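Please look at the sequence and model first.

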Amino acid sequence: MIGGFIPIIYFIRKNDSLLHLVKTKFYRQVLLKTFGNGASEMVTNLSTSLVNILYNFQLMRLAGENGIAAYGIIMYVNFIFMAIYFGYAIGSGPVIAFHYGAGNHKELRNLFQKSLVLMGGAGIFLTILAEILTVPLVKIFANYDVELFTMTCHGFRLYALAFSVMGINVWGSAFFTALGNGGVSATISFLRSLVFQIAMVIALPIFLEIDGIWLAIVAAEGLALFVTGSFFVAKRKKYHYT
């Protein structure tokens, strides 16, 4: 509400910018392109719910109620780290879109290279930080039950390995959204957050039991990194970011 209400107050009044609220008409193609370009975000939100249901089903089967409780705690802690990746991806999107639209290929290349280095470095740093802070973070939610605490700590240490590559995948999807290529962005999101995770959370427990559930996200992000990297290479000439 704040993000929408305050700008309306500014632009509805006389101001010094080049942007003003005026009468408009129905732009069908623009709206369709907007919906298509935002498909990756829709896919991410829908797949998160479906994947969580599958995780809970597998955990109930292998570890009972403590398994589901441990997964819930891991998700809470996961949001702390994911917020950094999503924050950068959302914040850098308008800058990328501006330079692409303006034809500033040199600056777009600069942003692309620096973002890869930043997301790669952040992934290593956050993975190490997560491993170090596992105990105090889990204690916030599970210090009342020794068995649950032990299971959650073990699960989070395995789950946290995904942070090392997760940032590049999240930013990669947002990068193609900023370039107006909703198809590539949605493909990365669909494979990363739905197809690969479902496949891994079904397959890995067969061989690794409950550890396979915690490592499913690691395997899924690893496969998604290959897809994201392939799109970076395939689309480099079209968008001139390398």
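## Basis

This is a predicted model, in which local features need pLDDT of at least 70, side-chain atom pairs count only at pLDDT 80 or more, and totals for chains, interfaces and linings use all residues. Residues are numbered from 1 along each chain as its sequence is written, and side-chain values use heavy atoms, without hydrogens and water.

## Aromatic pairs

The structure holds 20 aromatic pairs. Rings of Phe, Tyr and Trp (its six-membered ring) pair if their centres lie within 6.5 Å; planes under 30 degrees apart are stacked, over 60 edge-to-face, the rest tilted. Tyr-10 and Phe-11 are edge-to-face, because their planes stand at 80°, with ring centres 4.9 Å apart. Tyr-10 is partly exposed at 42% relative accessible area, and Phe-11 is partly exposed at 25%. Here buried means under 20% relative accessible area, exposed over 50%, and partly exposed in between (1.4 Å probe, protein chains only).

Phe-176 and Phe-232 are stacked, because their planes stand at 25°, with centres 5.8 Å apart. This pair links distant parts of the chain: Phe-176 lies in helix 7 (residues 163–178) and Phe-232 in helix 9 (residues 210–234), 56 residues apart. Helices are DSSP runs (H or I, at least four residues), numbered from the N terminus. Both Phe-176 and Phe-232 are buried.

## Exposed phenylalanine

Phe-26 sits in the loop between helix 1 (2–12) and helix 2 (28–37). Its relative accessible area is 64%, so Phe-26 is exposed.

Technical notes: Helix = DSSP H or I, 4+ residues; strand = E, 2+ residues; numbered from the N terminus.
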